[in-house]
Amino acid sequence: MLTLAVRGVREHLVRFALSVLAVTLGVAFVAGTFALRQMLASTFDDIVATTVTADAYVQPPGATTGDPGAAAPVPDGAAAGVPLDLVPEVEALPGVATVTPALQGTGVLVGADGTAVGSGGAPTILTVLDPGDGLTDRVVGRTPAAAGEVVLESAALARSGLAVGDATRLVVLGELRDVRVVGEVDVGPATAGATLVFLERGAAQALFAPDGTVPSLAVHAAAGTSPETLVGRLSGLAADAGAVALTGEQVRADATAAVREQLGFVSAFLLVFAAVALFVGAFLIANTFTMSVRQRLREFALLRAVGASPAQVFGSIVAQAAVVGLLGSALGVAGGIGLVAALRALLAGMGAQLAGRIPVDAATVGVSLAVGTLVSVAAAALPARRAALTPPVEAMREVLSVRERSLRPRTAAGALLGPLGAGAVALAAARPDEDAATALLATGAGLVLVAVLLLGPVVAPAAIRVLAAPAVALLRPVGRLARGNVTRNPRRTASTAGALTIGMALVGAASVLAASAQGSTTALVQREVTADFVLRAAPGTTVGPTLGERVAAVTGVASASGLPVTVVTATRTDPAGGDRGAAAPLTGVDPELLGTGLRIQDGGTVAAALRDGDLAVHAALAEDRGWAVGDTLVLAGAAGERTARIGALHTSDGIGRTLVLPAADLPALQPAAAVETSTLLVTTAEGADPERVRAGLVAAVRPYVVVSVLDGEEFVSSLADQVDRVLVILYALLGLSVVIAVLGIVNTLALSVIERTREIGLLRAVGLGRLQLAGTITVESVLTAVTGTLVGLAVGVGLASALPRVYADEGLSELVVPWSSLGAMVALAVVVGVLAAVWPAVRAARLPVLDAVGQE
Amino acid sequence: MPGPGPARSRGRHAREDDGAPTTAPGSALGSALGSAPGSPAAAGATPPALAPPGTAVIASARALVKDYGSGPTAVRALAGVDVDLRRGELTAVMGPSGSGKSTLMHCLAGLDRPTSGRVVVDGEEVSALSERGLTRLRRTRLGFVFQAFNLIPTLTARENITLPLDIARRPVDRDLLDEVVAAVGLADRLDHRPSELSGGQQQRVACARALVTRPAVVFADEPTGNLDSRSSGEVLGFLRRSVDTLGQSVVMVTHDPRAASYAHRVVFLADGALVAELHDPTSASVLDVLAALGPAGSTGPPGSPGLP
């Protein structure tokens, strides 16, 4: 039987290769998704490992060091940070080698060409060298010794086009500073694309710890002192300062957990994607084996007739399947990792550098191999059992009819899961305030997707009958033949279209989300922003007061006002006990801005309240906290405290769900490092020439390199661009599923051409031309691709329609369905279909006519 | 589902059941051609002869050679066949397995290319046609009925019948379609898929498809090979009637003497050469000739071209 199995493979190399390809595709889909997920996680693990290197940390209780969003809300009742005064005391402890306060902020480095140094959306991080972590020793050149000196990370230095010794400028907290590059240091790939600039400690302290506190102190132990011992010695000092001491181990674990949690959405998304990939891969593989076994039924019957037992026939089929599965899986793992490598290169091209190594962990490889092999064997086992048990006489009959398994259980499962999922989504849409709404939405969406895949064999043929109508009417007889071929095996068609369905569901949802986000922003800006120009700092950077003054001085500018944002602790003073203080966002708004550059509902009331020295609070925030007009709040920040009465409620989405105070009051609460001003609203004086004002503004912001001058329309589109950037990773996944889908269609078509050899011969015998035959196969392919796409888009758009209801409070107020880009996706599907048909069509057209006539 | 046809035809044609040779409708032609000397006398067969000039020939082969493979392993399937098949006749091609009868038909029908020699069908030199030309020829001037797998499973009976017209983008002649459908007796099964039809019904659909284009000649390759005798009778009766009433020309390859008895003329092949022919055959006379070709078929009857 082994000889037979080997010969079988050799005889039908194409068929064998296609089976292997099916397994490879399915497994590549799974392995790729897992590896991508792993790679993202490990990239951030690397960042944690390289940034959190000390043996022990002193930090306020509950804080997380190494968190990329380090300006964390201040925890209840605790110190805002660790006082710098603690540093000499800690240094004096026995066993302490070095102490480095966490001094970190973002800024902009001006490169040799006068533009901002940066890559993609990654931030520029300004920090200090920690003498304890070994980086200091690797500095080429020298370490910064004065306020105007910086060391650049090697990748940043390369990107900037600067050299050690060059003078340049740095924008920190919105202000320009002249600096000189005095050294470089190589950190490795763990920067994840961030531009690292190391400042002198004193300078960093002045910038990022003006109040004398830092988020944490990193302590390195002297040789011979264990981290635990060190923490023991630190505890007392830390407790006196209202902080705690933790080992590096603990902090790293916390930081990793925190990062993972932040990545949770991406990670969960990819996991769902992997599960769905597994599902589609399994279908693709099962599909292939069913076809392959059916084609060889007569061969098996002959074996039975010459004395092979059913067990032997079964065994030989399953053994072949195992070999195909193992081979295909191995190739699939390689392919999946290759895809991820390609994806990484693509992302690197866009500036987002991910982990240096592609994670090939045992779990990914193991799961992928097991999935491919087991699914292959299981997929072959059912038809193999049938082949083994078919009486030889019946199987050797001229026309083989293999009854398809009933679709009923599968359809029933789909019919059950579909409404369940839709119900969950509807519930989430109906009660968006529930905490579980997001989870409900995600679960529901997943269920709907799985249900659609299960229902595919019922849905796809019905859809194809409708879609094929024009082809049937216009392309006689090609359209009719193609429709018949695609609908004759619903299960096969559905699995073939499945990969595309999933990809397109994601794209549909993503484009609706993007369009809705853009639409919501546009509506918001048009509703509330009446400024003539908006000056906008790049994400992660801020506009400083100096720039505000320069802009106000531009001829023709009537007013220039920013919307600084910070976070304070807000506590209601209440005779009846009061509430517990909690972090709340605070926006600074000039009362003069209301009604000029910014027009919000009840703007007059809000402006009046602000002028009276009162607070305004977003209605939703007030409702959450149980605050009402007339309540008095204590606001505490790192720079100070103040008491204010709630004088008005506002409902502006432009300002957001925040507390509002006059912008001028903010510095008394928070130091500049804790305040971010991303936009400056500029109104022009009556009669001023907009072009001249614009030119003046452009000249004013030029030194700040990352601040752009936008009119209303440009402002809207710049916000839209931001949304688009988030979608890039989604489109990368779409690319993956499109590649899989194309190859899947090629595979199915090629196998189906082999299966239909005689039918094709017959058609050719009665006069079907080669082009007509190729046309038939192309129409089949296009029908499959378009069906998969339409079903996927319908599901995606349908699910995404729930999003504006669920996330209305987060500013997603409008539902916009981007018909033109959905149309483009359908056009893409047609192209995909045509491309996928090329090889099978050429193969079919080359089949000799006689193959139909010559009886086997 | 026999149509009204069989009863009519039964009156006009003798059946092989009668056990006696009969006079075919085309007896004038038959007698004119049946005069060649030297034959397996018992069966009344004559050595194969070419049609005299002026006779309406629908398909002819000259020095037709077909080899499969090359070099020492080459197999000669046709060893220089000269044959003329007449218009308006049902010609049966018979011979033992491996005699080359199917190969002859495939070459005549342009399904296979001969190694050498000429094939002319309806005035067109098939052996000189390009692939495109062959496709057009099949589409417009030839009809086919195969042993099995004659129908496209995804199309209904009606769609299968009109398939060649659809392929050629020719309008369907409703009258002809109705006539053909009535003749095969399938009027009430037209909207069924092949899987819902019996084997005999499927072959009758195939026959209707072969005739609906009014081809110059219909090639039938073992059309009754998979059918029971009753269904065979229906299909063969229909093919014969199409010749007699529609003036169709039909060439049928068969190994079944009973099927051959429906023909106007039977030509016999052995080892790739034409060895005998028989006019107005009966089952018995066909069997006699086959017996005479006998186990030593390769030697052939006297006067026949043997293998080189």
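**Stop 1: a helix in chain B**

Select residues 229-246 of chain B: this is helix α8, whose 18 residues reach 25 Å from the first C-alpha to the last, close to the 26 Å expected at 1.5 Å a residue (the expected span is 1.5 Å times one less than the number of residues). Helices here are DSSP runs of H or I with at least four residues, strands are DSSP runs of E with at least two, and both are numbered from the N terminus. What you have open is a predicted model, where local features need pLDDT of at least 70 and side-chain atom pairs count only at pLDDT 80 or more, while totals for chains, interfaces and linings use all residues. Residues are numbered from 1 along each chain as its sequence is written, and chains are lettered from A and ligands numbered from 1 in the order in which they are written.

Now show what surrounds α8(B). Of its 18 residues, 13 are buried, so the helix is largely enclosed by the rest of the structure. Buried means that 20 or more other C-beta atoms, placed from the backbone, lie within 10 Å of the residue's own; 12 or fewer makes a residue exposed, and anything in between is partly exposed. Step off the end of α8(B) and you land on Gly247(B), which has a positive phi, near 75°.

**Stop 2: a hairpin**

Next, pick residues 265-270 of chain B, strand β9, along with β10(B): the two run antiparallel and are joined by six bridges. (Strands pair when DSSP finds at least two bridges between them.) Click Val266(B) and look across to β10(B), where its bridge partner is Leu278(B). Two residues sit between the strands of this hairpin, and Asp271(B) takes a positive phi near 50°. How many of the residues of strand β10 (residues 273-279) of chain B are buried? Seven of the seven, so this strand is largely enclosed by the rest of the structure.

Zoom out to the whole of chain B and you have 10 helices and 10 strands, with buried residues making up 53% of the 308.

**Stop 3: where the chains meet**

Bring chain A into view. 25 residues of chain B are in contact with 24 residues of chain A, contact meaning C-beta atoms, placed from the backbone, within 7 Å. On the chain B side, α4 (131-141) and α5 (157-168) each supply at least two residues. α5(B) gives the most, with six.

**Stop 4: a sheet in chain A**

Stay with chain A and color the open four-stranded sheet, with order β3-β13-β1-β14 and antiparallel pairing. At the edges stand β3 (96-101) and β14 (244-247), each with a single partner strand, so one side of each is left without a neighbour in the sheet. From one strand to the next, the twist averages 20°. Inside it, β1 (residues 56-59) of chain A pairs with β13 (residues 217-221) of chain A over three bridges, and Val58(A) has Leu217(A) as its bridge partner.

**Last stop: another sheet**

Finally, select the open sheet of four strands ordered β16-β23-β15-β24 in chain A, with antiparallel pairing.

Conventions
Contact = placed C-beta atoms within 7 Å. Axes fitted to C-alpha atoms, helices over the stretch in contact; angles between N-to-C directions.
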